[in-house]
Amino acid sequence: MATYSQLTKSTFLDAFGTNQYTESQYKDVATGDASKAQDTLAGFFKSGSTDATIGEASSGAALTIALIVKRKHDPTDLLTNHSWAERQAALADQNAVFDKYGADQATYEKVRADLVSVVGQSALDNATGSGFVSSVENRTIWATVDPTTFQDLFGNELLWVDGSTYDGVAWTGDLGLNSKISKDDIGGLWFEVDALLSNPEVKDSTGVTLDPGPLSIGNDAANNGDYEKATPAAIASNYGFPLSSTVETPAIAIIADDVNQQQALFAAYNAYRQEVGLPTVTADEFVVVTGPDGTGQVDPELGLDISTVAGAAPNSTQLLYALLSGTPFAAYQAAFFDQINDPHVLSSSIVGFTQSTAGSPFYQAWHDLFVDGALANVSVHNAAGDQGATGYIYNGIANVNQWQASPFAIGVGGTSIAGRYVAGLDDSLTTHLDAALMSVPATLFSLVAAGLKSLPNTMPDVAPAPPDAATPLATLFETVWQMDEAFVDPNTDQLTVAFGSNNAGSGGIASGVLIPGYQMDFGLSDMTGGKRGYPDVAALADGDTKYAVLNAGYVGDTSQSLLTATGGTSASTPLWAALTAQIDAIFTDQNLPLLGYYNDLLYAAAAIAPASFNDITMGNNKNSFYTTADGPVHDSDVGLDIVPTGNGYEAQAGYDLTTGLGTPNGTILARTLTAIAHSQMSHTDKPPVLDLGASDPTSAVAQSLLFQTVSKHGASVVVSMGTQTDSYTSAASGAQAWTSQLAQQSLQEDFDAALVRLFDSQTQGTIVQHALAEGETLTVEIHAAQGKTVQGTLTTDFGFVDYMVPTGTGTVPHEMVRVARPIAVAETVDALDDQTAIVRLRQDGTDSIALTFYRVDDLLGSVGGLLPGTAGYEAAAAARAYHTDGNETSILGPGYGKYHETKLKDVDSGDLIAMTLVNLTTSQTYWGFSQANETSGGQPVAHLWNYGLNTWGWEDRQGSSSDHDFNDLIVGIDFTSAYGSAWLS
């Protein structure tokens, strides 16, 4: 008689129902008698007051399962404790990677033979015949079992649920594992079942009253069908995607539900491309890798996926991996281990409902699947989902789908975009639109942070042209994507858009997933309670602007319209994948590895160059509810009465649980990522600003540092440097004082000069400058509270560390002191000498000014042994001046509000580059080192402000004529973008 080893946390609820049951319900299923357990399970799938029925599975029932063999070695340290560059070096030889991190060959073969002895060879052959691939590398052994072999393998009876929301298998109790198979060799278990409990435990039963009208701002134009339709190419252009349509980009893998009518689909795809002005492709550029060629209707999600990639990365081959059974597990696996096509960018719009308990064999299989993706060097993009804070779980609280939230995948949320014309049709935006058209500074300041580049009253106010490749899209408002139209019909008290439908971007806290290191380093632990915050990023999904894509109904029926307008996170996700493919092409051009798993680089980019993202601060995803037999409103999608509970999340400054870091500013993001990558690859010997490993931060080298105060209400500051102390009081920063994001945004040629001038004369807080010795400790107190270097590990290698106090919201504090260098360190491609650096300038001062760059010998600013402010320093600095491509040593300011770009020649790797500014109007000279400037109250005056990644702002006046805004000339130095094809220059 067979014996079994119990698998802990392997009940049906551990596989599919985490956070959806009571303790007593779990005990019923795990340890109760069979009859009671079946009754409890039936209750989870009831419709209204009618329970599902559960009985013995018929002999013809089949279930495909996978035993996941443990890895030979654990890759956790490599993937979580090493930099992106170190990972890339370790992952370069993929054969070696999976020889090390796949299964042990002998162990794998033994488990396989033992499994065959239990379920028979035919069970494995049936899975193989359906397309499931078992290998030592993927550590997976697939088998298709019937009720008899299921019981032989696990010691549990296979049951069948017959319900209105789920027809499929179930079991009671923990699973056992036939003792012929060593439990110690098994690292996970997967069932090809995608079960969603339709009647979970209600976690919040406090209802809220829904008033007629939109639930959130910025999605209401669609109420009258007045949304804008834009091609994916236009949407990508609006986000500043960096490459032209002529540049070749790498292949993109798409996880698809199914791929039916494949020949007709290919023809329709090319017809769509022609319609929107794209060249047609060959069959080699549109490949169905897995999945049968069915005769059914083409999934609209697939039409959305392939159209979005076509427009945003028109030269990327598309590789389609269709589901083989109930979940996308095997489709991901096929892409990760496809040695023929070798994709390194993947987009999945498929939402798996599996909600596995942490520590269960199902969770471990899911977790390790995406670890394999990271080891395979694939950039995985998962759609966050389209059901807002509900997360497809009707328990009254905010939820996140655990399947989507792997820390090794980029989670993509959704926004809504309104241009000027459509904004005028959205009643929820009326007040904001009026303020924007009147150029109210506070309104425009927040809109610029969200990506606005032009004065609203200069934007076109005409109905958009029919969508084609030439139709532009320009954002005025970008908000969280939330259900459009009215929510409660005042005549019927019924929902006009169902809460159970796919109409809002999902986001929140994945309670079953620990916070990854990159979110910890970004300072999100308090916000998320030590769990995974979701999503990571966002992009246009739906709402006031929709995607003009291939109409799935056109496939096989060309009498239907070729184009349709739709959206969802199934659009924002392939859009982000296309951006990743573009950046991969840039990385290749700059001798860098492909991005692969790069979530940590995204968070680093947001910390050192906030303009890499548009900060979405308007809207919410609050649409939580639970079902009931007799509720206040009826939900047509769920088919039941519901009670809305109003839980969810609001957008806010900085990272939030609706749109993550924000939407992309594509070119700036690409520049930032290349800068980070080159820094990690070729410049690891540079000293950071502060060594943060000790109990108190210490100066990593002798250096001159700026201390910049950012305060909403004014601040008292105490700076302790070894045995020295400096105490000072700072006035409040101006309401629209320039931020790092605004300074970096202004260094775009298409940024409106009128917007720049609008935010002139906004006072910054107090700035002082001190020299620190190597090893000297540094602490900063703000209002007697110890400042924390929350994001310091992300920024210390890039010229600054922020000391924050927790008085703000999210990751944007109201009180902060930035400790920063006034010097740029030249981190060139491959640490090459004699390189060209790009200089970008934006002037927000009215005086005539000139800028000179010169090389210094150390981070104190000395030249030939002379320190700033000493006799002879000015002449010594002049002798070290860099020449521009026009062979000048002085660069004139472009004029009030205007932009200019030039190049510095002969920049060597590791050069320390300082600046001096001459106000030609007043004949005053200013240095980046306050010791060389005028004094006030006996203290030297700083005229330079550090705005993040190699970006500074100058104050060009002194004394009573100074407005202390540090934006009279914004300067950015880019050491990598002129290299190769110079696509980012």
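A: In this predicted model, a residue is called buried when its relative accessible area is under 20%, exposed when over 50%, and partly exposed in between.

Q: Which residues of α7 are buried?

A: The buried residues of α7 are Tyr-108, Val-111, Asp-114, Leu-115, Val-118 and Val-119. An α-helix has 3.6 residues a turn, so residues three or four places apart point the same way. Viewed down the axis of α7, the buried residues lie within an arc of 135°, and therefore line one face of the helix. Their packing partners are β3 (63-69), α8 (121-129), β4 (140-145), α9 (147-154), β7 (176-178) and β8 (186-191).

Q: What span should helix α7 have, and how far apart are its end C-alpha atoms?

A: With 15 residues (105-119) at 1.5 Å a residue, helix α7 should span 21 Å, and its end C-alpha atoms are 21 Å apart, in agreement with that expectation.

Q: How does Ser-24 count, as buried, partly exposed or exposed?

A: Ser-24, which is found in helix α2 (residues 23-31), has a relative accessibility of 47% and therefore counts as partly exposed.

Q: What lines the second largest pocket?

A: Rolling a probe the size of a water molecule over the atoms shows where empty space is left. The second largest pocket holds about 1100 Å³ of space, and its lining is made of 46 residues, with Thr-80, Asn-81, His-82, Arg-87 and Asp-600 nearest its centre. Elements that give two or more residues to this lining include α4 (76-81), α5 (84-91) and α21 (599-608), while α14 supplies the largest share, five residues. By class, the lining has 20 nonpolar, 16 polar and ten charged residues.

How values were computed. Residues are numbered from 1 along each chain as its sequence is written. This is a predicted model: local features need pLDDT of at least 70, side-chain atom pairs count only at pLDDT 80 or more; totals for chains, interfaces and linings use all residues. Side-chain values use heavy atoms; hydrogens and water are left out. On a 1 Å grid over the protein atoms alone, a cavity is a set of points where a 1.4 Å probe fits but cannot get out, and a pocket is an open set with protein on both sides within 12 Å along at least five of seven lines; lining residues have an atom within 4 Å of a point. Grid points are joined across faces, edges and corners, and a volume is the space filled by probe spheres set on the points. Helices (H or I, at least four residues) and strands (E, at least two) are DSSP runs, numbered from the N terminus. Ala, Val, Leu, Ile, Met, Phe, Trp, Tyr, Cys and Pro count as nonpolar, Asp, Glu, Lys and Arg as charged, and the others, Gly among them, as polar. The expected span of a helix is 1.5 Å times one less than its number of residues. Buried means under 20% relative accessible area, exposed over 50%, partly exposed in between (1.4 Å probe, protein chains only). The arc is that of the directions from the helix axis to the C-beta atoms. Contact means heavy atoms within 4.5 Å.
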